[in-house]
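An account in running paragraphs is requested.

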Amino acid sequence: MRVAVIPQTTALTIWEAEHAGTEFAARHHGFQVYWNAPTSEDDIQQQAALIDRVVEEKYPAMILAPDQAIALMAPVQRAIHKGVRTVIVASPLDLPPGPNLTYIVNDDLTSGRMAAMRMGQILGGHGRIAILGIPPESLSTLAMVHSFETTLEHDFPGVVIAERRFGTHNQTEAQQRADDVLHDDPHLDGIFAVSSAAAGGAYVALRAQGQVGKVKVIGYEQSVELANLVRQGAIDSLVAINTYEMGYRAMESLAAPRGSTPPYIYLEPTLLTAENLDSYESRALINVDWSREP
C-alpha cells in the first residue's frame with residue numbers, strides 16, 4: 001500500500017522524527033511511503049495542493065499534520081469522500097472522525113497545564129508574563145493557551161498575563177514582536193512562546209537586550225537548537241510533542257482493519273528541562289533515530 005505522509009513542513013526536526021516513525025512502521029507492513037511537505041509552515045496553499053495530488057494519484061491512505069485548521073478542511077473532506085483513509089496527527093481539524101478519518105494528536109490541554117505549572121513554580125507564584133506567537137487560526141494552539149491561562153488563574157493567581165501577541169512561523173517576525181513586548185513592559189518576568197519560532201525569536205530578543213536568564217522562557221515544540229538553549233540555561237524549558245510516536249501509530253492504524261482503531265488518540269507531552277534533557281527518554285524526542293521502535 002502507498003501511504004502519503006504530509007507533515008507541516010520539511011524544515012523542522014520534529015517532522016523528520018514523524019518521518020522516521022512512519023518509515024519504521026511501514027517496513028513492518030511492506031508499505032511504501034511518499035513523503036512531502038512545504039518548506040515553511042506558512043505555505044498552506046502548497047499543503048492543500050499536496051492533499052489534492054494524493055487524491056488525483058489515487059493514494060489509498062494519507063497521514064497529515066495540518067498547518068491550518070480551517071483552510072485545510074475542504075481538501076481533507078475531498079480526500080475522505082474519495083475513499084482516502086486519513087489519519088490527522090499533531091493538531092486536530094474541526095471534522096468528526098469516521099471510517100476514513102481518525103486522529104492521533106498531542107494532548108493540548110495537558111501541554112497548557114504543564115507549561116502553566118512550570119511557569120508558576122519558577123516565578124514563585126508571582127510575576128508578569130507574556131504569551132507570544134499565538135496563531136489565531138490554530139484550534140490546537142488556542143486550546144493549549146486557554147488551558148495555560150485557566151491553570152494559572154486557578155493555581156497561581158499572582159502570575160499576571162500582561163501581554164498576548166499573535167504570531168506566525170517566521171522567526172524574524174517573532175523576534176520583532178518579542179522586542180516590542182520587552183520594550184513596552186520592561187518589568188516582564190516570563191514568556192510562554194507557543195511555537196519554536198516564537199521561542200527562538202524570544203531568545204534572540206532577550207540576548208540583544210541583555211536579559212537572557214532574567215526573563216524566564218518556556219517554549220512549545222522542541223528542536224536541537226532550542227534543546228541546547230535549555231542545556232545552557234538560556235531558556236528554562238520546552239513542552240515537547242512526540243511526533244515519532246504519532247507517525248508510528250498512524251501507520252499502524254492504517255495497517256489495521258478499517259474502523260477498528262479508536263477515533264481519537266491523545267499523546268502526552270513531555271516537559272524538557274536542564275535536569276532531564278539528557279535522559280534516554282528526552283533524547284529520543286530531540287534526536288531522530290531511524291532504527292528505534294517507540
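The paragraphs below treat the cavities, then the pocket, and finally a pair of helices.

The model is predicted, so that local features need pLDDT of at least 70 and side-chain atom pairs count only at pLDDT 80 or more, while totals for chains, interfaces and linings use all residues. Residues are numbered from 1 along each chain as its sequence is written, and side-chain values use heavy atoms, with hydrogens and water left out.

Three cavities of 30 Å³ or more are present. On a 1 Å grid over the protein atoms alone, a cavity is a set of points where a 1.4 Å probe fits but cannot get out; lining residues have an atom within 4 Å of a point. Grid points are joined across faces, edges and corners, and a volume is the space filled by probe spheres set on the points.

Among the residues that line it are Leu132, Arg165, Phe166 and Arg177. At least two lining residues come from each of β6 (127-134), β7 (159-166) and α6 (171-184), and α6 gives the largest share, three residues.

The largest pocket holds about 350 Å³ of space; a pocket is an open set with protein on both sides within 12 Å along at least five of seven lines. It is lined by 19 residues, and Ala11, Leu12, Gln171, Ser196 and Ala197 are the closest to its centre. Two or more lining residues come from α7 (196-208) and from α8 (224-232), with the largest share, four residues, from α7.

Helix α2 (residues 44-56) packs against helix α3 (residues 73-81) at an angle of about 10°, with the axes 9 Å apart. Axes are lines fitted to C-alpha atoms, for helices over the stretch in contact, and angles run from 0 to 180 degrees between N-to-C directions. The two helices, α2 and α3, are therefore roughly parallel to each other, a term for angles under 35 degrees. Ala48, Ile51, Asp52 and Val55 of α2 meet Pro75, Val76, Arg78 and Ala79 of α3, contact meaning heavy atoms within 4.5 Å.

Methods: Angles under 35 degrees count as roughly parallel, over 145 as roughly antiparallel, 65 to 115 as roughly perpendicular and the rest as oblique.
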